[in-house]
Amino acid sequence: MEPKFLRAEEVAQELSVSKPYAYKLIRQLNEELKAKGFLTISGRINREYFNERLYGARKEN
């Protein structure tokens with residue numbers, strides 16, 4: 001089972017970007033989630049939301 005959250009190191013590796021840029025992306029995505037009323041964890045991003053926003057992949061029910 002995959003962890004529910006991605007860390008900056010994993011985001012950087014997935015997107016082939018620097019770790020500081022990965023943190024910037026995570027902050028941006030977390031701000032979007034906060035605006036929708038979700039609680040967020042600094043430096044981590046929900047895996048499903050990350051995939052949805054970057055790849056357009058949604059989990060089908």
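1. Glu2 is exposed, with a relative accessible area of 56%. Here exposed means over 50% relative accessible area, buried means under 20%, and partly exposed is in between, with a 1.4 Å probe and protein chains only. Glu2 is in the segment before strand E1 (5–7).

2. Some remarks on the basis of the values. The model is predicted, so local features need pLDDT of at least 70 and side-chain atom pairs count only at pLDDT 80 or more, while totals for chains, interfaces and linings use all residues. Residues are numbered from 1 along each chain as its sequence is written, and side-chain values use heavy atoms, with hydrogens and water left out.

3. Read from the N terminus, the order of elements is β-α-α-β-α. Helices (H or I, at least four residues) and strands (E, at least two) are DSSP runs, numbered from the N terminus.

4. Next, the overall dimensions. The protein has a radius of gyration of 11 Å, which agrees with the value near 10 Å that a compact globule of 61 residues would have. The radius is taken over C-alpha atoms, and the globule rule is 2.2 Å times the number of residues to the power 0.38. Along the principal axes, the C-alpha atoms fill a box of roughly 35 × 25 × 20 Å.

5. Of the 61 residues, 26% are buried. The accessible surface comes to about 4800 Å², and carbon and sulfur atoms account for 49% of that surface. Accessible areas come from the Shrake-Rupley method with a 1.4 Å probe; for residues, only the protein chains shown count as cover.

6. Contacts along the chain can be sorted by sequence separation. Among contacts between residues at least 6 apart in sequence, 42% join residues at least 24 apart. Contact means heavy atoms within 4.5 Å.

7. The largest nonpolar core has eleven residues: Leu6, Ala8, Val11, Ala12, Ala22, Ile26, Leu29, Leu33, Ile45, Tyr49 and Phe50. H1 (8–15), H2 (19–35) and H3 (47–55) each supply at least two residues of this core. H2 gives the most, with four residues. A nonpolar core is a set of buried Ala, Val, Leu, Ile, Met, Phe, Trp, Tyr and Cys residues joined through side-chain atoms within 4.5 Å. In soluble globular proteins, nonpolar side chains tend to be buried together.

8. Leu33 is one of the core residues. Not counting residues up to four places away in sequence, Leu33 touches Phe38, Thr40, Ile45 and Tyr49. Ile45 and Tyr49 are also in the list of core residues.

9. Asn30 deserves a separate point. Asn30 is found in helix H2, and counts as buried because its relative accessibility is 7%. With neighbours within four places in sequence left aside, Asn30 is in contact with Thr40, Ile41, Gly43, Arg44 and Ile45.

10. Lys19 is also in helix H2. At 38% relative accessibility, Lys19 counts as partly exposed. Lys19 touches Ala8, Glu9 and Ala12, residues up to four places away in sequence not being counted. The C-alpha atoms of Lys19 and Glu9 are separated by 6.2 Å, and these residues are ten apart along the chain.

11. Tyr23 is another residue in helix H2, partly exposed at 34% relative accessibility. Beyond its neighbours within four places in sequence, Tyr23 is in contact with Ala8, Glu9 and Gly43. Its C-alpha atom is separated by 24 Å from that of Met1, which is 22 residues away along the chain.

12. Pro3, in the segment before E1, counts as partly exposed at 47% relative accessibility. From C-alpha to C-alpha, Pro3 and Gln28 are 21 Å apart in space, and they are 25 residues apart in sequence.

13. Ser16 has a positive phi of about 55 degrees although it is not a glycine. Most residues other than glycine have a negative phi. Ser16 is in the loop between H1 and H2, and is exposed, with a relative accessible area of 68%.

14. Last, the charges. The mean positions of the 12 positive and 9 negative charges are 5 Å apart. Lys and Arg count as positive and Asp and Glu as negative, without His and the chain ends. The place of a charge is NZ of Lys, CZ of Arg, CG of Asp or CD of Glu.
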